[in-house]
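Please examine the sequence and the structure shown below. The briefing that follows treats several topics in turn.

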There are 2 protein chains.
Amino acid sequence: MITIGRLAEYAGVSVKAVRHYHERGLLAEPGRDSAGYRRYTAQHAVDLVKIRTLAAAGVPLARVKDLLDADPATLAAAIAKIDGDLVERIGRLQRSREQLAQLRGGERLFVPDEVAGYLDALRRLGVSERQVRLERDGWILMRTASPEDAAGWITEKRELVDGDPEFRALYLDHDAAYDWPRDDPRLPALADRTRAWMTGRPDRSETRPVQNPAIARLAQQSQPGASSPAWDELARLLRG
Amino acid sequence: MITIGRLAEYAGVSVKAVRHYHERGLLAEPGRDSAGYRRYTAQHAVDLVKIRTLAAAGVPLARVKDLLDADPATLAAAIAKIDGDLVERIGRLQRSREQLAQLRGGERLFVPDEVAGYLDALRRLGVSERQVRLERDGWILMRTASPEDAAGWITEKRELVDGDPEFRALYLDHDAAYDWPRDDPRLPALADRTRAWMTGRPDRSETRPVQNPAIARLAQQSQPGASSPAWDELARLLRG
DNA sequence: CTTGACCCTGCCCCAGGGGCAGGGTTCGAC
DNA sequence: GTCGAACCCTGCCCCTGGGGCAGGGTCAAG
């Protein structure tokens, strides 16, 4: 006849846990001795190890209770399912490890791969970090509104950056223009070149070229102080 | 400017969780629109993904809060530790899978390997399942009282079962005697043979041979109805 | 006869949300 | 113009699996 402490130690659980299992009806309450102490049998130890094993596998105690007096076939089926869940949980933890590793290395975690690749391409081009962040935030905003459109948008922009030298040049100039004064004499010329490039674009020219400023405006709303006098002036020149 | 629902969807968490993070001070409360709705920026999405990643790795929200504005070196160290915990947890789950598998296959889970081996040896000898269970329970009881003694005891009994033919014969007869009537004429003869074997044992003869009935008595206490009239009579004959 | 290690019950606490009540809002369809 | 669906708001109580503490009683050894 063993005490609650010895029982708990045998099974590798806390005394508190044993009492908890009594309360939940998982483990039979044993008899008491003259002092009112619980006195356990070996069978209790066997039952407790069973409970501990299932609970350690993440089975809710309510289900453990059912499983304890299920017939062997049902138990076997349940164990198979629990094992499947376990495999899945292990997989999730492993994916969690990968995500965690990316937390150390920049923004890859926060956006899908294609976007990360696009942002890296911008960086290789020599675009400022401020602009890269604007692009990233713009993508996130787009993406919350319409994931498919966002995916198309990133593909097209990637093609432009990789394949259109004039787009690259304009992009870098727009980036640099951020810091120019509002009355910088280079602004009208830049607006003209931009308009020329836009009219040179074929069919889908009404949607995409507008997108760049549109995104910028979105990002501007979301990030206070993300525009500049020169950009405002440039937008005015393009509209007018 | 995105709503709470879109933000939650982007990060793969529930709306409720986002509000929870606000309450805990993990995620900055954004501005409200004219209807009182929260309106988020892309930066919130980035922050939320970070929170979700740490939380998914099992980091308590209170620690997540600290990590969010820790410097990169501290963060890297913390991530290394979290990753270590993750590896440990994965290991535990894998061990849990093994234990679970044993739940289907008998009692190996409930006792250490040597004991399981000993019980299997008894079964091969032709001992009844009732007796095997008595032995198992006796071991568990012993073990909770004194693990080292229990280990020694199981080793000696294993040696006896493997190496002493007369012990094996006596053991099987004792097992069979369980069901005899109290006045069975074979009982005195069995008691005599048992006494003869006990006196034939060298040095440690006062501890071990007594153990078998002692264990039986322990098990008897723990398992109501685990003795029988014939066993009681046998114990009386051996004492007298 | 004390001291430390047990045991008892009962209560509140934690994370990490879920669910529901009891509202208000927005948007598209009819 | 109005209806319904799908959002959003706050506030409250609920869950699991125990931990911790209070405020006792008990037991064995020195």
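α2(B) supplies the largest share of the surface near DNA strand C, namely 3 residues. Here a residue is near a strand if its C-beta atom, placed from the backbone, lies within 6 Å of it, while helices (DSSP runs of H or I, at least four residues) and strands (runs of E, at least two) are numbered from the N terminus. The model is a predicted one, in which local features need pLDDT of at least 70, side-chain atom pairs count only at pLDDT 80 or more, and totals for chains, interfaces and linings use all residues. Residues are numbered from 1 along each chain as its sequence is written, and chains are lettered from A and ligands numbered from 1 in the order in which they are written.

**Surface near DNA strand C**

- Among the 17 residues around DNA strand C, those that come nearest are Thr3(A), Gly5(A), Ala17(B), Ala35(B) and Leu61(B).
- Two or more residues each are given to this surface by α1 (4–11) of chain A and by α2 (15–23) and α4 (61–68) of chain B.
- By class, the surface near DNA strand C has 9 nonpolar, 6 polar and 2 charged residues; Ala, Val, Leu, Ile, Met, Phe, Trp, Tyr, Cys and Pro count as nonpolar, Asp, Glu, Lys and Arg as charged, and the others, Gly among them, as polar.

**Contact between chains A and B**

- Chain A and chain B each bring 40 residues to their contact, where two residues are in contact if their C-beta atoms, placed from the backbone, lie within 7 Å.
- On the side of chain B that touches chain A, the elements giving two or more residues are α1 (4–11), α3 (42–56), α5 (72–103), α7 (129–145) and α11 (208–222) of chain B.
- The most residues on that side, 14, come from α5(B).
- That side of chain B comprises 22 nonpolar, 10 polar and 8 charged residues.

**A helix pair across the interface**

- The axes of helix α7 (residues 129–145) of chain A and α3(B) come within 8 Å and cross at roughly 85 degrees; axes are lines fitted to C-alpha atoms, for helices over the stretch in contact, and angles run from 0 to 180 degrees between N-to-C directions.
- α7(A) and α3(B) are therefore roughly perpendicular to each other, a term that covers angles of 65 to 115 degrees.
- Asp137(A), Ile140(A) and Leu141(A) of α7(A) make the contact with Ala42(B), Gln43(B) and Ala45(B) of α3(B).

**Val18(B) and its surroundings**

- Val18(B) lies in helix α2 of chain B.
- Val18(B) counts as buried because it has 22 C-beta neighbours inside 10 Å; a residue is buried if 20 or more other C-beta atoms, placed from the backbone, lie within 10 Å of its own.
- Apart from neighbours within four places in sequence, Val18(B) is in contact with Ile4(B), Leu7(B), Ala8(B), Val13(B), Leu27(B) and Leu48(B).

**Chain A as a whole**

- Chain A contains 12 helices and 2 strands.
- Of the 240 residues in chain A, 25% are buried.

Note on methods. Angles under 35 degrees count as roughly parallel, over 145 as roughly antiparallel, 65 to 115 as roughly perpendicular and the rest as oblique. A residue is buried if 20 or more other C-beta atoms lie within 10 Å of its own, exposed if 12 or fewer, and partly exposed in between; C-beta atoms are placed from the backbone.
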